Amino acid sequence: MHGRPRKPFKPEDEAASVAKAQKLRALQSQFLSNHIHKNYTQEAVELSAALLEINPESYTAWNYRKLAVEYNLTHSASDPDLVKSIFDEELRLVENALRQNFKSYGAWYHRKWVLSRGHSSIEKELRLLDKFQSLDSRNFHAWNYRRFVASLMDRSEEDELKYTQSLIDKNFSNYSAWHNRSVLLANLMKKRREGFSQKDEVLTREYELVREALFTDEDDQSGWFYHLWLLDQTVKVESLLLVASWPAHGSNVAVLRESCTDGFASSSFNVLQFNSKTFPLVVYFNEAVEGVNSSTVTVSSKLNKDKDLIWKPLSSNNSRTAQVWVAQIDLPSTQLQSSEAYPFEVIIGQSQGITSVGGFSYNYATRLAFSVCLQPPRKEHTEGSVSGKIVWRDENFHAFEPCCVEPNLILPIDLLSINSEQDPKASTWQKEILDEEIKNFRELSFCKIGKLTLARLLTAYDALTSSYKLAHSEEVLKIYSDLMKLDPSHSQYYKDEYSLALLRQVTFDRESLFCRCVKYMGLSSSDDHHPICLRLHKLSLSRMGSFEKLLWVQMLDLSQNELRSIEGLEAMQLLACLNLSKNKIGSFTALGPLQQLKSLQVLDISYNEIGTHPVDTTRYLCPSPLSHSLASEWNQDDSVTSFWEAFLVLKGLKLTQLDVVGNRIADERFSQFLVKVLPALKWLDDVQLK
């Protein structure tokens with residue numbers, strides 16, 4: 001219980017505990033016999049009450065009470081007084097059980113069930129709640145029940161808001177009162193009730209209220225959490241937006257149907273080089289959505305004439321909702337003798353049906369237009385040139401010389417973002433509120449949580465004005481760097497936030513992103529064209545983000561960072577070559593997004609921690625194979641059984657090059673498994689396979 005220290009266990013208490021346990025076992029035995037035989041006599045019902053007064057956490061006993069009530073009602077429905085007495089007895093029992101443990105889920109739910117039947121008065125419920133909340137004003141069970149009772153009583157949300165104010169005035173450390181206040185305010189603003197229709201005025205009042213608490217005791221966390229909720233309400237986009245797509249609107253994409261290791265890739269961002277019968281169409285929303293299909297998204301082109309595209313959500317948990325959706329467009333099966341261009345028109349929101357998890361609908365049509373130029377294989381490739389091996393050494397990467405940069409080389413990066421007319425611009429009141437909060441919280445930047453809040457405020461301000469510049473990017477990075485030293489116990493969280501802030505800086509505009517792009521010169525080529533690689537190595541990244549800016553990337557170097565997972569990487573559908581070496585990846589389940597990268601051919605996961613940890617703490621990301629219909633593919637293969645996490649991730653990929661050396665899992669038996677599960681593999685740990 002909040003604020004109550006644990007008392008040491010005395011020897012005399014042990015004897016009482018043993019006697020209580022014996023009595024409880026006897027009661028449970030008799031009760032279960034009554035329950036099994038559907039015995040609802042007065043004596044049996046009283047016995048269940050005795051059990052619940054000792055152990056309010058017996059869910060089976062509460063369910064038995066419901067069955068007993070239903071049974072007794074069938075024999076007394078004609079007597080209103082008897083019906084009332086039955087339900088009053090249940091309320092009395094719940095009250096006694098809550099005195100024993102007023103955090104009992106079963107007791108609170110049973111009381112809700114009794115009141116919802118409509119035979120009991122609810123007038124005394126708020127008085128009862130006052131009694132329990134006086135014992136522990138932060139008991140979230142009581143607060144949940146209070147919302148239920150207020151709804152039954154048709155008590156106004158304005159009155160409940162005043163009640164939370166009264167409790168906060170008594171004790172601003174009451175986290176539950178702050179939380180209930182956020183629930184009530186969200187509803188009042190949504191309904192635009194009188195006094196709550198102007199969001200800026202409401203939030204300004206609330207900032208002043210919580211600021212008083214924070215400046216009184218900066219170490220109390222209740223107000224900080226409420227301030228974080230206010231910040232979210234300040235910058236929240238209350239509409240569903242399309243934020244990026246590939247191919248980008250206005251782009252001209254050249255498709256070379258050759259492997260990325262053939263050495264003929266053009267040094268241009270708008271060239272897609274891969275050996276496949278399809279190419280991806282990707283749409284990226286500002287939050288997870290459902291309803292993306294051939295009815296809500298229409299695609300017009302000669303390449304997919306009379307064909308409905310199948311849209312798939314790129315989700316790590318097999319959900320029907322996702323931020324990123326992809327459809328595969330079929331390429332002609334015939335061999336091309338010359339280049340051929342195909343214009344595309346994509347209309348998103350052609351009909352209603354795309355809805356977000358936040359309850360917003362995509363109610364406007366967005367038109368994207370681009371062209372795809374299919375190019376025949378190069379002469380050298382058709383004459384049988386041998387595919388090379390990607391070697392991720394520094395000497396193989398060369399920066400672009402400014403004098404040699406083509407004007408159209410970096411244009412598609414700018415086109416990735418969707419400049420929709422529906423995209424909300426930062427309003428004056430939002431910037432004014434954030435300006436005021438930033439000024440105030442610079443005074444509290446001496447404490448850890450004050451620094452963290454300042455970093456969040458500066459990040460939010462930059463997000464509102466990001467069409468101009470990231471004015472506070474360097475300051476945010478310094479704050480998170482300082483917090484890692486000041487608060488080592490939470491350093492992983494600060495590292496993650498630092499990584500996201502750094503990626504926002506790196507991907508902010510074409511100049512900053514272009515600085516990280518280099519030419520890969522490690523493949524023999526008969527001309528001056530070389531693959532473009534985005535190198536984000538040696539940045540101490542512990543988390544990835546800003547994927548909406550990276551949809552064009554085909555070659556990515558993330559080596560020598562501190563990544564433990566690659567969540568979100570599934571959005572990069574063009575990715576063909578990926579270097580994850582020398583990170584902190586501890587299992588194949590942390591590599592789950594690779595399952596959805598169907599263009600991936602080259603993968604380096606060497607010198608990670610795969611197989612080091614006996615317990616895979618990321619396994620929840622990848623359900624047991626027993627829940628999948630893979631029995632026919634297993635065939636009792638012992639190697640697959642031993643490496644089922646790797647099997648689920650790698651199965652279906654067309655990798656031609658894989659490096660796993662330096663992981664504890666890497667041994668001869670695992671190598672044999674990899675050769676078996678990856679039939680297209682040509683290179684394994686620098687060894688060319690026959």
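**Strand pairing and surface**

Modeller: Strand S5 (residues 297–300) and strand S8 (residues 340–348) run antiparallel, joined by four bridges. Keep in mind that this is a predicted model.

Biologist: Which residue in S8 does Thr298 stand opposite?

Modeller: Thr298 faces Ile347 there.

Biologist: And how many bridges does S8 make with strand S10?

Modeller: Nine, again in the antiparallel sense, with S10 covering residues 366–375. Within S10, Leu374 is the one standing opposite Glu340.

Biologist: OK, switching to the surface. Which residues make the nonpolar patch?

Modeller: Tyr59, Tyr105, Tyr109 and Phe140 make a nonpolar surface patch of about 450 Å².

Biologist: Where does Tyr105 sit?

Modeller: Tyr105 is in helix H5, which spans residues 105–116.

Biologist: What's the relative accessible area of Tyr105?

Modeller: Tyr105 has 37%, so it counts as partly exposed, since that class lies between 20% and 50%.

Biologist: Zooming out, how many helices and strands are in the protein chain?

Modeller: The protein chain has 22 helices and 19 strands.

Biologist: How much of the chain counts as buried?

Modeller: 49% of its 690 residues. The accessible surface of the chain is about 34300 Å², and carbon and sulfur atoms hold 50% of that.

Biologist: What about contacts between residues 24 or more positions apart?

Modeller: Those make up 68% of the contacts in the chain with a separation of 6 or more.

Technical notes. Residues numbered from 1 in each chain as written. Predicted model: local features only at pLDDT ≥ 70, side-chain atom pairs only at ≥ 80, totals over all residues. Heavy atoms only, no water. Patch = residues over 30% accessible without salt bridge, like charges linked within 9 Å, V, L, I, M, F, W, Y side chains within 5 Å. Areas by Shrake-Rupley, 256 points an atom, 1.4 Å probe, with all protein chains shown as cover. Salt bridge = Lys/Arg side-chain N within 4 Å of Asp/Glu carboxyl O. Helix = DSSP H or I, 4+ residues; strand = E, 2+ residues; numbered from the N terminus. Buried < 20%, exposed > 50% of the residue type's maximum accessible area, 1.4 Å probe, protein only. Contact = heavy atoms within 4.5 Å. Pairing = 2+ DSSP bridges.
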